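Me: I have a structure to go through before I set anything up. Can you walk me through it?

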Amino acid sequence: MRAYIDCRKRKRNTPNSILFEQSLCSNLVTLLSEINNGTYYPGISTCFVVRNPKPREVFAADFRDRIVHHLVVRELEKYWERVFIYDSYACRKGKGTLAAVERLHTFMRKVTVNGTRRAWFLQCDIKNFFMSIRKEKLMQFLDRGLKKQFKSKTAAPEWLRHLSHLLVMHSPTTNFVDKSRPEEWSCVPYEKSLFYAADGCGLPIGNLTSQFFANIYMNELDQFVKHTLKAKYYIRYVDDFVLLSGSKQQLQDWLTQIQEFLKDHLSLNLKSEIKLCPVHNGINFLGYVQHVHHRLMRRRVVSTLKGTLFLRSRPCSQQTLKGPFSYSSLCSLRSTLNSFFAFSSKSNGRKDYATAITLHKRWLKKYFIFTDTKVILKPYILFRHRRDIRLASFIFPRNCYK
């Protein structure tokens, strides 16, 4: 039940969640009996292609399968959260992209003594990471963790070991529903597709377990860097990691040892675009270009915002509430504007956001109110689409019209 509550967060209005909740008790009892009997098997996944920022295929598991994912991760993270290093920020509670960027800023100030000394950074990325993960090695790491978690090999629950192995070895390519057009599939590179992954390799992008298993797999590198190389300033987000040092030669030596370790122990390779540059050049990491004393938004983020507004403004001469801009599309655009607003508020890129908004200020002002903290829909739009006028007038008093 706790796994179900975690799974339905921000997804309760989706069709699969509504269908599962109509017979909630019977569905949960059936799922529980299948797990206890060992007869559970993942169902049909939904496969589609995302093109922003890069073409990638995504496998979305069925709702009841996502409940099992949350169940397994809840049990496994009780042990692995004590094992993971502090500076691993992907798919962990209390972490995330903003925390990783803030931590990198702290490292930059420390290694350069607040910008007074010269320092260097090494930024690397794993080549075809999710498609290169070897399932047998991952199962070895999982079994070793389960043995330590429950103190002995026989103490670990059989259902947890069975589900962990089942989710690792399961390939959604054998049972899926395709939701993308053929021209979208042609944009996905072969090396980024699970359909062309080597035998015994590859985890589907889009599952909670894939992100958590990736942390378990890369934990071997984290322990090697922190305990063998003794690197003090090291941070990782999924397969993108950064090391900082006051010596360029030390970073070059670490790079050689990391490449050997990845190849010999994890069967992984680094991308050719390895950056070994001075810290004062700025570090392009997780959507920001981080400098010692300031932070800027990545150019691609700004261009994405401008492109989104440009596509929305093309039929602006015919835009009405009953035309191309429906209530749902306005709500979607409001969420997009708020996300970019929040992203720019954590950097010195407010001017870039304001410039993009100013270019389309004429038609945006018809539908939205821009405050210092967020973007909201104008009250008359809500009045037209809310049946309860009293509720709308209570939320938005008359002075909002001004």
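This is a predicted model: local features need pLDDT of at least 70, side-chain atom pairs count only at pLDDT 80 or more; totals for chains, interfaces and linings use all residues.

Me: How far apart are the end C-alpha atoms of α10, and what should its residues span?

Reply: Helix α10 covers residues 208-228, which is 21 residues. At 1.5 Å a residue they should span 30 Å, and the end C-alpha atoms are 30 Å apart, so the two agree.

Me: Where is the kink in α10 centred?

Reply: On M218. The kink is about 35 degrees.

Me: How many residues of α10 are buried?

Reply: 15 of the 21, so α10 is largely enclosed by the rest of the structure.

Me: On to packing. Which residues touch the most other members of the largest nonpolar core?

Reply: F213, L221 and L243, in a core of 65 residues. The largest share of this core comes from α10, with nine residues.

Me: What does L243 contact, leaving aside neighbours within four places in sequence?

Reply: Its partners include the aromatics W120, F121, Y233, Y234 and W254. L243 is also in contact with L122, V225, A231, L251 and I258.

Me: What about a second core, which residues does it include?

Reply: That one is separate and has 39 residues, among them V301, F341, Y353 and A356. As background, nonpolar side chains tend to be buried together in soluble globular proteins.

Me: Charges next. How many salt bridges does the structure hold?

Reply: 15. One of them joins the side chains of R144 and E220, at 2.5 Å from N to O. R144 lies in helix α7 (residues 135-149) and E220 in helix α10, so the pair ties together parts 76 residues apart in sequence.

Me: Is E220 buried or exposed?

Reply: Buried, because its relative accessible area is 17%, under the 20% cut-off. R144 is partly exposed, at 38%.

Me: And R74, which residue does its side chain meet in a salt bridge?

Reply: D6, at 2.7 Å from N to O. R74 is in helix α4 and D6 in helix α1 (residues 2-7), so this pair ties together parts 68 residues apart in sequence. R74 counts as partly exposed at 28% relative accessibility, and D6 is partly exposed too, at 22%.

Me: What about R161 and E158, where do they lie?

Reply: Both are in helix α8 (residues 158-169), three residues apart, about one turn of the helix.

Me: Which residues do shared partners join into one network?

Reply: D6, K9 and R74, through salt bridges.

Me: Last one, cysteines. How many disulfides turn up?

Reply: Zero, in a search of the whole structure. C201 counts as buried at 9% relative accessibility, while C187 counts as partly exposed at 29%.

Methods
Residues are numbered from 1 along each chain as its sequence is written. Side-chain values use heavy atoms; hydrogens and water are left out. A disulfide is a pair of cysteine sulfur atoms within 2.5 Å. Buried means under 20% relative accessible area, exposed over 50%, partly exposed in between (1.4 Å probe, protein chains only). Helices (H or I, at least four residues) and strands (E, at least two) are DSSP runs, numbered from the N terminus. The expected span of a helix is 1.5 Å times one less than its number of residues. The bend at a residue is the angle between axes fitted to the seven residues ending there and the seven starting there. A nonpolar core is a set of buried Ala, Val, Leu, Ile, Met, Phe, Trp, Tyr and Cys residues joined through side-chain atoms within 4.5 Å. Contact means heavy atoms within 4.5 Å. A salt bridge is a side-chain nitrogen of Lys or Arg within 4 Å of a carboxyl oxygen of Asp or Glu.
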